[in-house]
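Trainee: I am new to this structure. Please take me through one part of it closely, strand by strand.

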Amino acid sequence: MQRHEARSPGLKGHGEMNNNLLLSVMRSSKEYRDLENGLAQARTMARQRPFMVTGLSEGASPVFVSALAAAEVGEGRRILLIFPTEKDASDQALRLLSDGIKARHYPARDFNFNMTTASRDYEHRRLLVLSELLFSDDAMAVCSTAEALLQVTMPPEQLIHLAVTVEPERSLDPTALAQSLSMGGYRRVELVEGPGQFAVRGGIIDIFPPADNPVRIELFGDEIDRLGSFDPASQRFTEARREKLLIPPAREVVLSDSSREEIAKAQEKQLRQLTHKPDPRLAQETVEHSIQLLLTEQNQLLNSSEIDFADKYLPLVYPEGDCFFDYFDGLCVLSDTSSVKERGEAAEKLCAQSVTDMIMAGELYSGASGTYIRSWSRVETALSVMPSILLDPFAKSHPGMSPGAEYVFQTRHIPAYSGNTALML
């Protein structure tokens with residue numbers, strides 16, 4: 001393994017010096033330039049080994065990440081920044097946006113295993129990111145956590161199938177559009193007020209896509225006469241659009257006819273087991289509760305397009321277990337690798353325990369369970385085919401991720417800058 005070591009200027013808090021000056025200092029350091037050269041060579045290779053970057057102080061690390069993200073996006077590439085916590089990921093996305101860099105926060109979502117109505121805000125934000133990665137060539141930085149990235153999601157081919165494209169001055173069939181939107185999880189209403197809704201009123205079609213502005217389509221005959229945004233509060237047209245518009249599905253878990261059949265079979269098998277041969281360890285009231293729950297699920301599955309418990313049967317809906325890494329191709333950076341891994345594995349174990357609890361309570365047929373969150377090995381697989389950086393304060397080994405080179409920064413905490421440039425030397 002190659003080892004590169006040099007001394008860079010001391011760096012402190014991200015907000016205590018002029019941001020542009022901090023970025024300039026980072027980019028001018030020898031070890032940063034060496035890393036850039038190493039990444040350039042790595043992009044020509046089919047198989048990858050991650051680079052290890054160590055020695056960055058608490059204040060220097062976010063500067064390094066910002067400098068790297070700005071460089072990648074500036075060159076028209078995509079970069080994935082993986083942090084231990086959602087707050088870390090969200091803060092970095094906001095920091096990059098304030099620097100004028102296109103950045104997205106890809107959050108983890110809470111699985112809804114019960115018959116409850118839950119907010120779909122995180123789900124919508126995830127769909128926006130996946131759609132941009134799939135349908136746009138834009139360079140961007142995506143900030144996320146291992147849990148979010150490893151959660152099973154809609155396969156790319158299904159997202160392509162369910163996305164709807166509308167274009168000014170083109171013909172459009174309102175009936176066919178309504179069917180496509182319903183298939184993608186949109187709910188038809190009289191008046192559109194929130195994300196995931198659409199309305200058809202004569203020659204006017206209103207749609208509220210996930211994590212985006214609401215859209216109004218005005219038809220003249222069967223052609224789109226005007227396309228643009230509207231204000232849900234006043235219901236007034238606000239801004240015309242001349243470019244093609246892509247509308248992603250409104251739900252991350254969309255049930256096909258075949259997946260509905262598989263869910264129905266699993267429910268029926270579990271009901272037969274509870275009715276004829278329940279687990280003797282279960283109290284009678286628990287058995288009765290589980291039977292009633294499954295009957296309620298069956299009724300909703302048969303009579304409604306709104307399925308509140310779809311996450312419970314996620315392995316039957318998306319058996320291939322696709323996740324974020326099936327959408328992304330670019331540079332990956334793991335910030336505090338050990339913490340990222342620990343939290344990712346903890347999320348997987350917590351989800352597995354919830355599934356086990358449902359099976360033990362008789363609420364889920366054991367044959368219907370499977371992968372809800374991919375294992376950490378999926379990250380290791382991704383890093384073997386994409387250039388990557390393990391960003392750690394100190395050098396340490398990471399089983400399954402043997403570094404190809406190590407770049408050692410020597411930064412230190414310094415007193416407050418306060419305009420005294422001598423402190424930077």
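Mentor: Start with a term: two strands pair if DSSP finds at least two bridges between them. Strands themselves are DSSP runs (E, at least two residues), numbered from the N terminus. This is a predicted model, in which local features need pLDDT of at least 70, side-chain atom pairs count only at pLDDT 80 or more, and totals for chains, interfaces and linings use all residues. Residues are numbered from 1 along each chain as its sequence is written, and side-chain values use heavy atoms, with hydrogens and water left out.

Our part is β10. It spans residues 215-220. Strand β9 covers residues 204-207 and runs antiparallel to β10, joined by 4 bridges. Ile 204 stands opposite Glu 218 of β10. Ile 205 has Ile 217 as its bridge partner in β10.

Now turn to β11, residues 223-231. β10 and β11 also pair in the antiparallel sense, over 6 bridges. Here Leu 219 faces Ile 224 of β11 across the pairing. The two strands make a hairpin with 2 residues between them. In that turn, Gly 221 has a positive phi of about 75 degrees.

How well covered is β10? Mostly: 5 of its 6 residues are buried. Buried means under 20% relative accessible area, exposed over 50%, and partly exposed in between, with a 1.4 Å probe and protein chains only.

Asp 222 sits in the loop between β10 and β11. Asp 222 also belongs to a patch of negative charge on the surface, together with Asp 173, Glu 223 and Asp 225. Such a patch takes residues with over 30% relative accessible area and no salt bridge, and joins like charges within 9 Å. A salt bridge is a side-chain nitrogen of Lys or Arg within 4 Å of a carboxyl oxygen of Asp or Glu. Asp and Glu count as negative. The place of a charge is CG for Asp and CD for Glu. Accessible areas come from the Shrake-Rupley method with a 1.4 Å probe.

Step back to the sheet. β10 is one of 6 strands in an open sheet, ordered β7-β8-β9-β10-β11-β12, with mixed pairing. β7 (187-188) and β12 (236-240) stand at the edges with a single partner strand each, so one side of each has no neighbour in the sheet. As for what holds such pairs together, strands of a sheet pair through backbone hydrogen bonds, either parallel or antiparallel.

How values were computed. Patch = residues over 30% accessible without salt bridge, like charges linked within 9 Å, V, L, I, M, F, W, Y side chains within 5 Å.
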